[in-house]
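Hi everyone, thanks for making time. I'd like to walk you through a structure this morning, and please follow along on the screen.

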Amino acid sequence: MSAARPKVLVVDDDAGIRETLVQILEWEGYDAVGLVDGQQALDHLRTATVLPALVLLDLMMPRMDGYTFRERQLADPRLAHIPVAVISAAPYLPEKAQQLRVARFLNKPFDLTALLDFVRAVAGPAGAAPPSDRAREAAEPETKGDDRGDR
Amino acid sequence: MRPAASTTTVALLAAGVVVASFLPASLLELSPRAFLPFHLAAEGFAIVVSLMVFASGWSSLGAQRTVNTTLLACGFLAVGLIDFAHALSFQGMPEFVTASSGSKSIFFWLAARGIATLTLAGILVIRWGAPASRGLRHAALGVSLALTAVVYWVGLFHLDRVPPTYVPGAGLTPFKVHVEYVYIAVLLVTGAVFRYRARRPHAYGLSDLSAACMVTALSGLLMTRFTDLGDLFIVLGHLYKIVAHVFIYRAVFLQSFRAPYQSLQRSEQALRAADEQTKSILSATQDGFLLFDAATRVVEANDAYCHLTGYDRSELLGRSLAAIDVAPSAQEIDERLEQLRRQGALRLETRHRCKDGAPVDVEVSLSHLPYGDGRFFSFVRDIRERKQAESERTRLVAQLESAVAVRDEFLMLAAHELKTPLTALRLQLQAVVREAARPHDVTRQQVGRLAEMADVQVGRLARLVNDLLVVSFQGSTRLPLMLEELDLVALVRELVERSEPAAAAVGSSLSLSLAAPGPLVVRVDRGRLEQVLTNLVDNALKHAARRPVELRLEARAGRAHLSVRDHGVGLAKDELERIFGRYERVASTQNVTGLGLGLYVSRLLVEAHGGAVRAQSGPGDGATFVVELPLAAGTGTTS
């Protein structure tokens, strides 16, 4: 966990995808944080001193879905600027997804190289010095790999 | 008289003439003193009959007031009046304006016979039954009276201009005899034509007219033979004349009075028959029938309608349309009646009220009667079966549509569900490739970790495909099972051991308690049962909330009971009812991913083994899922 590593949030209720993405991004040199739903992601953003350079967001999640998360995020002036990429398995994107003003739609199952290229383009190269306003603090990563119930 | 009877009469009279022709005229010799009253009586009778012919014919009514009847009436008025002169001019009678004589009375006789012959022949050539106009009637009467006047004028004052007809002592002149022959010839032809025409049905009086012609001809024939006043032929001739007049009277009377009466009777019969026919058709038809008066009240109802609605006919009579038709409003009925008035006929579907108050679906065909008196009738068809079939079809179509929609949604979600582990799997494999491509950074640990994660995803995929397979068997085909006897205790123990790492991963733990030592043998498909138990344990761990999950195994009443209990948030009552249903997740919130097939598939599999599943929960008290399976014969204990 070096201060030079850009932070990327992975918000997906599916443990397989979330853990895999977090693991790969870590290996690629990013500070990846896995979160199980929109509420957890929002809580993380509101309490974190270091804001992520990118949020990878699933749409269909229990408790708080991706749409609501994005709505709340955009409504919060401190968080609104953080770029978001949607990762979704929906066969087609609903109309309301087009209103989300996101940086990219990645349809599952997506290509890893394409994803990493995109992450690099948006969040900056792995291990590079972070922008001054994203000075990372020694924040404990949120629940990585927690598959808490969707009941 | 029927044609046959008049023919017989004519034949007998003809035979009489033949017989008489062999007899001497002197066989009968009435003295002038005896003959004169006979002649007067005979002529008087003939005159009365002639005038009755006139009266009957002239006063005939309606359709019987025809040209034929009018001509016959007016002709015989002249005949009667001239016969009157004939009778008064007879030899031995007192002076009638001028002195009576044989020639004078024979002149009037010939004139009367001539007019009678012309009249009969005349009505033959006129189209039978043509109606007589008022003008024609008066013209005919005028001609008749004028002719009579001319004959009187000649007979009384200018007899000398007429060829002699009778020479006292010598008898009839050839002129008189020849004129009679001409009359006879015309009358025979006329009679024959009438006879021919009389064969048609309802040809009233034609056979009588034919007989009248024939008998008049016979009378004429006899009158050519007499030599002396009072001899056999003159007496017979007058008697035949009376008979001939009676036939004419009958013809006119029948034509004028009996025919219309009989026609009326026939009409009444036809009307009654038509009425009966209509009634029998209406009672035989399967459709209901109602006849309404102008005030829309029932005046007739058939058996089928009574049967349909449960009313007696007498209960329906007088009932108004508004009381029968379950129309939305009285205004609606008025609108229909207005439409019926405009179009003359109307067909629509409505409902009629039965006697018990229940409505019945009917199709009614309304039509106005053609008499313009506002009456109308309605055929009422029972369409309950059709309506039922229609609504059944609609229901089935809706059911099928919703089944297809559910299936479509299921397929969509199944595809989505399969994509999730595929996404993870693909990422892991691509990461392996990526790591392997680096010259030095790759570590065994990293590849091993990725392969381990990939294996988990493959396991998920396999379970999903298995679930889909089980669900796809729900329909026509039975799920195939490979049954074997195995110890449920051992199986559950293995499962617990295998699932411990997963339990630890979510901060939970698994424990198994047994009610009694010893095996519990069940006859099951091992793979399928493992699928069920894995589903239940996974489900419990998912909702364990970092608290222990407890499994308990016992035998009761010949069945093995396995309970899996977690201490999570538990299930609400409505969730308990739905949780084993198909595609439970489909019906619930969009926010929850996954098919929710696990418990549904578990239920299908357990039931396929002859067992049962159920869930118990109190709010906040966690949930307990219980699987019951029949024990194999001869194993297990009842505790």
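I'll start with the ground rules, then confidence, then chain B and one of its helices.

This is a predicted model, where local features need pLDDT of at least 70 and side-chain atom pairs count only at pLDDT 80 or more, while totals for chains, interfaces and linings use all residues. Residues are numbered from 1 along each chain as its sequence is written, chains are lettered from A and ligands numbered from 1 in the order in which they are written, and side-chain values use heavy atoms, with hydrogens and water left out.

So, confidence. pLDDT is the predictor's confidence in each residue, from 0 to 100. The average for chain A is 80, and 79% of its residues score at least 70. Helices here are DSSP runs of H or I with at least four residues, strands are runs of E with at least two, and both are numbered from the N terminus. Over residues 128-151 of chain A, pLDDT stays under 50. Where pLDDT is low, the predicted coordinates should not be read in detail.

Now chain B. It has 19 helices and 14 strands. Of its 639 residues, 45% count as buried; buried means under 20% relative accessible area, exposed over 50%, and partly exposed in between, with a 1.4 Å probe and protein chains only. Contact means heavy atoms within 4.5 Å. Of the contacts in chain B with a separation of 6 or more, 68% are between residues 24 or more positions apart.

Let's zoom in on helix α12 of chain B. The 14 residues of α12(B) should span 20 Å at 1.5 Å a residue, and the end C-alpha atoms are 20 Å apart, which agrees; the expected span is 1.5 Å times one less than the number of residues. Which residues of α12(B) are buried? They are B:Ile333, B:Arg336, B:Leu337 and B:Leu340. These residues cover an arc of only 100 degrees around the axis, so they sit on the same side of α12(B); that arc is taken from the directions from the helix axis to the C-beta atoms. The buried residues pack against α11, β5, β6 (359-368) and β7 (376-382) of chain B. On the other side of α12(B), B:Gln331, B:Arg341 and B:Arg342 are exposed. Just after the helix, B:Gly344 takes a positive phi of about 85 degrees.

B:Arg336 is buried at 11% relative accessibility, and its side chain forms a salt bridge with B:Asp325 (2.8 Å, N to O). A salt bridge is a side-chain nitrogen of Lys or Arg within 4 Å of a carboxyl oxygen of Asp or Glu. B:Asp325 lies in the loop between α11 (321-324) and α12 (330-343), so the pair with B:Arg336 ties together parts that are 11 residues apart in sequence. B:Asp325 is buried too, at 6%. B:Arg336 also meets B:Glu332 in a salt bridge (3.5 Å, N to O), and these two are about one helical turn apart. B:Glu332 is partly exposed, at 27%.

One last pair: B:Arg386 and B:Glu349 form a salt bridge (2.2 Å, N to O). It links helix α13 (residues 384-437) with strand β5 (residues 345-353), 37 residues apart. Over all chains, the search finds 37 salt bridges. Thanks, everyone!
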